[in-house]
Amino acid sequence: MDLKTASALRRLRLVSVPEAVSFLLLIVCSVLKRTTDFNAVPAMGAIHGILFIIYVIFWIDAWNRTKWALKNAALYFVLSVLPTGGFFADRMLRREAEAHVIAARARKESVVNA
């Protein structure tokens, strides 16, 4: 994996958890708006909207650089619209990045030992 691909996956990972947290907080704010006088939905909605747009931009960049199959790319997008999906996306992206690092090291060692 080249440096730009690793950076794209890292950026997507870094925004996936805050995006998921903001989605959960938006749901809590929506419930509080309807049950109490507390109304933080406009502020939380704006925060979540910005994080979601950033997630989509980073998702497109990661998809472009990693050349994911349509199935994998769709999975990461669907995870972004589920309330806790960002946590699962983070875990899956971490595993994928680790697998790429291990494969790159194995290729490097086989070239050195050859």
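1. In which helix is A97 found? A97 is found in helix α4, where helices are DSSP runs of H or I with at least four residues, strands are runs of E with at least two, and both are numbered from the N terminus. At 21% relative accessibility, A97 counts as partly exposed, because buried means under 20% relative accessible area, exposed means over 50%, and partly exposed lies in between (1.4 Å probe, protein chains only). A97 and S7 stand 90 residues apart in sequence, and their C-alpha atoms are 9.9 Å apart in space.

2. A word on the basis of these values. This is a predicted model, in which local features need pLDDT of at least 70 and side-chain atom pairs count only at pLDDT 80 or more, while totals for chains, interfaces and linings use all residues. Residues are numbered from 1 along each chain as its sequence is written, and side-chain values use heavy atoms, with hydrogens and water left out.

3. On confidence, the protein chain averages a pLDDT of 90, and 96% of the residues score at least 70; pLDDT is the predictor's confidence in each residue, from 0 to 100. Within the protein chain, confidence is highest in α2, at a mean of 95, and lowest in helix α4 (residues 85-113), at 83. Where pLDDT is low, the predicted coordinates should not be read in detail.

4. Helix α1 (residues 3-35) packs with α2 at an angle of about 155°, and their axes are 8 Å apart. The axes are lines fitted to C-alpha atoms, for helices over the stretch in contact, and angles run from 0 to 180 degrees between N-to-C directions. The angle makes α1 roughly antiparallel to α2, since angles over 145 degrees count as roughly antiparallel, under 35 as roughly parallel, 65 to 115 as roughly perpendicular and the rest as oblique. The contact of α1 with α2 is made up of 18 nonpolar, seven polar and six charged residues. Here Ala, Val, Leu, Ile, Met, Phe, Trp, Tyr, Cys and Pro count as nonpolar, Asp, Glu, Lys and Arg as charged, and the others, Gly among them, as polar.

5. Helix α1 has 33 residues, which at 1.5 Å a residue should span 48 Å; its end C-alpha atoms are 49 Å apart, which agrees. The expected span is 1.5 Å times one less than the number of residues. Among the buried residues of α1 are L9, L12, V15, F23 and C29. R11 is also found in helix α1, but is partly exposed at 30% relative accessibility. R11 and D90 are 79 residues apart in sequence and 10 Å apart in space, C-alpha to C-alpha.

6. For α2, the 26 residues should span 38 Å, and the end C-alpha atoms are 36 Å apart, which agrees. Its buried residues include M44, H48, W59 and D61.

7. Most residues other than glycine have a negative phi. K67 lies in the loop between α2 (41-66) and α3 (70-80), and is exposed, with a relative accessible area of 62%.

8. V78 is found in helix α3 and is partly exposed, with a relative accessible area of 42%.
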